[in-house]
Amino acid sequence: MIKKLLIFFSILFAFQSMVLAQNGNVKPLTIGEIRTLKSKILKEERILNIYLPQKFDKTKSYPVIYLLDGSMNEDFIHVAGLVQFFNLMYGMPETIVVGIANIDRKKDFTFHTDLKDLQKDYPTTGHSDKFINFLEKELKPYIESQFKTTDTYIFGQSLGGLLATEILLKKPQLFNNYFIISPSLWWNDESLLKQANQLLAKIPDTKKFVYVSVGKGEHKVMVKDAEDFYDILKKSNKKNWTVEYKMMETDNHATILHRSLYEGLVKLFPYQEPK
């Protein structure tokens, strides 16, 4: 019996040694950090997925992209890869990406509506004011306390595009660069779009980059609203604003984000042949 046990443990030890040897070359692949920020405004903890440049140096200053729909199973990974590619090939400076993981995007990204059908379909709706306060008073100050920062960006699609539009029109100082993809400007009977001229008239003419995009294969109301919003921005006569528009000819609402962000970044960081 003792002999059998010795043989068993010898085999077990050999197996464990083999596994350890195989795993000796395995290391974690790290592209950043996951942090938790406790929000008093939202009364909940929010997960932040943070991409850091490969040669991140805490003594250097970096632009920061605030990515709506920034959960790990949403847009964080492919947007971080896009930013890394533009730094590698297009001269985009090394940039931090802060992916804001969702809890309830319908609550966070929409403003109040009295329309009964929307209240029925979106029962938690109407708290974008709190989320914008969270961005302004908690998230941005937190990031700026942890990293040295320069320019700021916001990336938002669909309801996230609606929120980015609301911030541009109501709190434009929060970000320098706005990437507004397929914005859900149909929300609340297009009330934000209808207020756009009035709101823009109150906004200081300070330097901004605004990129609006929509897919040709999207709902016709989505396309019309995006085009109308672009026209309003162009006619607002903001001399220090760069306003760009891109119709994505082969994309629909599901496929547009990655290619459209690529096209928007090209407008900021055009390709230059290596010297």
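Predicted model: local features only at pLDDT ≥ 70, side-chain atom pairs only at ≥ 80, totals over all residues.
Modeller: Helix H2 (residues 76-89) packs with helix H9 (residues 256-268) at an angle of about 30 degrees. Their axes are 11 Å apart.

Colleague: Why are H2 and H9 called roughly parallel to each other?

Modeller: Angles under 35 degrees count as roughly parallel. The angle here is about 30 degrees. H2 and H9 are therefore roughly parallel. Their crossing is right-handed.

Colleague: How do you know that H2 meets H9, and which residues are involved?

Modeller: Contact means heavy atoms within 4.5 Å. From H2 come His-78, Val-79, Leu-82, Phe-85 and Phe-86. From H9 come Leu-257, His-258, Leu-261, Tyr-262, Leu-265 and Val-266.

Colleague: What makes up this contact of H2 with H9, by class?

Modeller: There are 9 nonpolar and 2 polar residues, and no charged ones. Val, Leu, Phe and Tyr count as nonpolar.

Colleague: Now the strands. Why is strand E3 (residues 61-67) described as largely enclosed?

Modeller: Buried means under 20% relative accessible area. In E3, 6 of the 7 residues are buried, so the strand is largely enclosed by the rest of the structure.

Colleague: How do you know that E3 and strand E5 (residues 148-157) pair?

Modeller: Pairing needs at least two bridges. E3 and E5 have 6, in the parallel sense. The bridge partner of Leu-67 in E5 is Phe-155.

Colleague: What makes E3 and strand E4 (residues 96-100) a pair?

Modeller: The cut-off is again at least two bridges. E3 and E4 have 4, also in the parallel sense. Ile-65 stands opposite Val-97 in E4.

Key. Residues numbered from 1 in each chain as written. Heavy atoms only, no water. Axes fitted to C-alpha atoms, helices over the stretch in contact; angles between N-to-C directions. Helix = DSSP H or I, 4+ residues; strand = E, 2+ residues; numbered from the N terminus. Parallel < 35°, antiparallel > 145°, perpendicular 65-115°, else oblique. Left-handed = near helix turned anticlockwise from the far one by under 90°. Buried < 20%, exposed > 50% of the residue type's maximum accessible area, 1.4 Å probe, protein only.
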